[in-house]
Amino acid sequence: MQRGLPMQPTVVLLKEGTDTSQGKPQLLSNIAACLAIAETLASTLGPRGMDKLIVNERGEAQITNDGATILKLLDIVHPAARTLVDIARAQDAEVGDGTTSVVLLAAQLLKEVRGLIEEGVSPHIIMKGFRKASQLALERIKELQVTVDKSDPERFRSLLLKCASTSMSSKLIHSEKPFFSKMVVDAIESLDPEDLDESLIGVKKIPGGGLQDSLLIRGVAFKKTFTYAGAEQQPKKFINPLILCLNVELELKAEKDNAEVRVEAVSDYQAIVDAEWEIIYRKLQAIEKTGAKVVLSKLPIGDLATQWFADRDIFCAGRVAAGDLRRVVQAVGGSIQSTCSDITREHLGTCGLFEERQIGGERYNIFEGCPKAKTCTLLLRGGAEQFIEEVERSLHDALMVVKRAIRNGEVVAGGGAIEMELSAHIRNYALSIPGKLQLVMAAFAKALEIIPRQICDNAGLDSTDVLNKLRMKHASGERWYGVDVDGASGIRDNMEAFVWEPSLVKTNAISSATEAACLILSVDETVRNPQSEAPNAGPKAPPGTTQRALRGRGRGMPMGRR
């Protein structure tokens with residue numbers, strides 16, 4: 001008699017409710033999520049890109065067409081699609097521009113190979129082909145890039161202006177490109193050429209006025225801080241003043257707050273009060289002795305000190321933001337002091353002109369003509385608050401691009417020219433190799449064409465017609481031909497038309513997009529923990545916690561011995 005097979009025990013590996021999906025459908029679902037993100041961003045690319053209006057949960061609206069900003073505001077939850085958010089953020093931090101391009105490129109790479117995956121080609125062969133094609137692209141950029149001669153300051157400056165205006169051509173402020181390009185290049189040139197720390201460029205947003213009312217101050221400007229009575233009697237303008245920066249509180253402190261003193265007689269109490277006054281007067285006299293005419297402090301400067309300074313024709317400002325104070329020290333020299341004693345001339349800074357000026361509806365303290373200025377301030381004007389914020393984001397991209405151009409000095413033509421040249425180069429190479437890699441590299445070459453194709457679509461041009469013309473030009477050796485959104489033919493030599501970008505923007509975008517595409521292709525299973533679905537689900541409280549919390553002290557809880 002045949003014995004029945006033993007029953008197989010059910011093995012439970014994962015917690016109940018855990019969602020697992022794996023295999024080819026999972027990979028295709030991840031690719032679809034990435035394409036959905038790219039679709040959202042696609043219309044923002046290029047000089048005729050549209051803007052997105054994003055409203056957060058608090059009802060605050062933001063208008064932008066910066067790829068990294070849009071992805072940050074969208075709050076994407078799909079785990080694979082988050083990879084694209086990360087590469088956009090990395091591109092923004094590293095180079096400042098090309099955030100939309102990098103996302104579109106990564107998504108297009110996945111789209112081109114989706115058919116191969118459905119037919120059963122191993123993702124590893126696709127990844128190998130992508131990496132090889134990416135390497136070829138980066139080598140080709142190094143061959144093609146034009147190094148700019150830095151020895152001629154005038155020519156180098158004109159290069160920087162062109163890079164800045166190319167970066168701005170797809171932003172809201174493209175109509176004011178010449179004005180803002182000059183402002184951006186002047187701002188970067190005012191920094192220390194050794195480290196080019198863009199955080200030393202202060203940006204202050206003042207609603208009202210037109211874009212042309214924006215100013216570049218070669219020094220520091222910050223909004224008037226909270227002041228006490230007596231501030232209006234202080235002088236508001238100095239020529240060549242000495243400036244003292246402090247991290248000291250100049251306020252009358254009542255010692256009863258943090259000390260216990262037993263007094264026998266009224267005179268004893270009076271002696272304590274006198275000592276408190278004595279301490280603050282000693283500090284104020286020490287400051288006056290230094291000869292400083294402008295006193296700034298990170299901590300509050302009280303009403304007594306404000307009036308005392310006003311009587312002696314000294315300007316003071318307390319509660320100055322740490323970032324502003326740091327930039328003041330960078331501009332005027334000296335150092336921030338944390339005590340009022342032993343301050344000598346070397347601890348003080350100076351500037352050509354200090355004044356408090358009305359700009360729009362606000363008063364600003366402005367330091368100009370600074371001898372050690374390695375910093376500057378952009379005062380942005382404009383109608384709506386959202387508009388000024390988008391101007392700030394656009395200028396940040398342009399500042400980063402100009403910084404990279406100064407650092408590296410190598411440029412390529414923008415407007416899809418370099419992508420078309422790389423596409424032709426990789427396609428020619430693909431024809432020389434056998435096997436499946438040929439298909440993968442041809443897909444990579446085709447994916448690169450998404451940049452010029454999308455620029456055409458956004459500008460309302462016939463993308464098929466323009467791309468055919470570009471392929472013909474690049475096949476005949478015209479390597480810098482790209483899209484022209486203004487001309488009748490739709491194409492032009494973008495190197496001669498001064499549509500220039502630092503080559504670093506392109507190399508970074510291609511390598512980041514390739515890495516992201518390979519990462520998504522290498523994932524074949526997603527395991528989603530059920531707890532992570534619940535909003536802000538924290539660790540479980542130990543049993544009995546609720547009862548203990550509800551029982552009041554002394555009711556049912558044994559009290560410790562006193």
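Guide: A residue counts as buried under 20% relative accessible area, as exposed over 50% and as partly exposed in between (1.4 Å probe, protein chains only). The model here is predicted: local features need pLDDT of at least 70 and side-chain atom pairs count only at pLDDT 80 or more, while totals for chains, interfaces and linings use all residues. Residues are numbered from 1 along each chain as its sequence is written, and side-chain values use heavy atoms, with hydrogens and water left out.

Visitor: Why is Asp75 called exposed?

Guide: Asp75 has a relative accessible area of 61%, and exposed is the word for values over 50%. Asp75 sits in the loop between helix H2 (67-74) and helix H3 (82-94). The phi of Asp75 is near 55°, a positive value in a residue other than glycine.

Visitor: Why is H5 called oblique to H12?

Guide: Helix H5 (residues 123-144) packs against helix H12 (residues 417-430) at an angle of about 125°, with the axes 10 Å apart. That angle makes H5 oblique to H12, the word left when an angle is not under 35 degrees (roughly parallel), over 145 (roughly antiparallel) or 65 to 115 (roughly perpendicular). The crossing of H5 and H12 is right-handed.

Visitor: Which residues of H5 and H12 meet?

Guide: Those of H5 include Lys132, Leu136 and Arg140, and those of H12 include Glu421, His425 and Tyr429. The residues of this contact divide into nine nonpolar, one polar and three charged.

Visitor: What makes S4 and S20 edge strands?

Guide: An open sheet of three strands has the order S4-S17-S20, with antiparallel pairing. Strand S4 (146-147) and strand S20 (500-502) each have a single partner strand, so one side of each is left without a neighbour in the sheet.

Visitor: How do you know that S4 pairs with S17?

Guide: Two strands pair if DSSP finds at least two bridges between them. Two bridges join S4 to strand S17 (residues 410-413), and the two strands run antiparallel, so S4 and S17 count as a pair. Thr147 has Glu410 as its bridge partner in S17.

Visitor: Which helix lies across S17 and S20?

Guide: Helix H6 (residues 153-168) does, running at about 95° to S20.

Conventions: Axes are lines fitted to C-alpha atoms, for helices over the stretch in contact, and angles run from 0 to 180 degrees between N-to-C directions. Helices (H or I, at least four residues) and strands (E, at least two) are DSSP runs, numbered from the N terminus. A crossing is left-handed if the near helix is turned anticlockwise from the far one by less than a right angle, and right-handed if clockwise. Contact means heavy atoms within 4.5 Å. Ala, Val, Leu, Ile, Met, Phe, Trp, Tyr, Cys and Pro count as nonpolar, Asp, Glu, Lys and Arg as charged, and the others, Gly among them, as polar.
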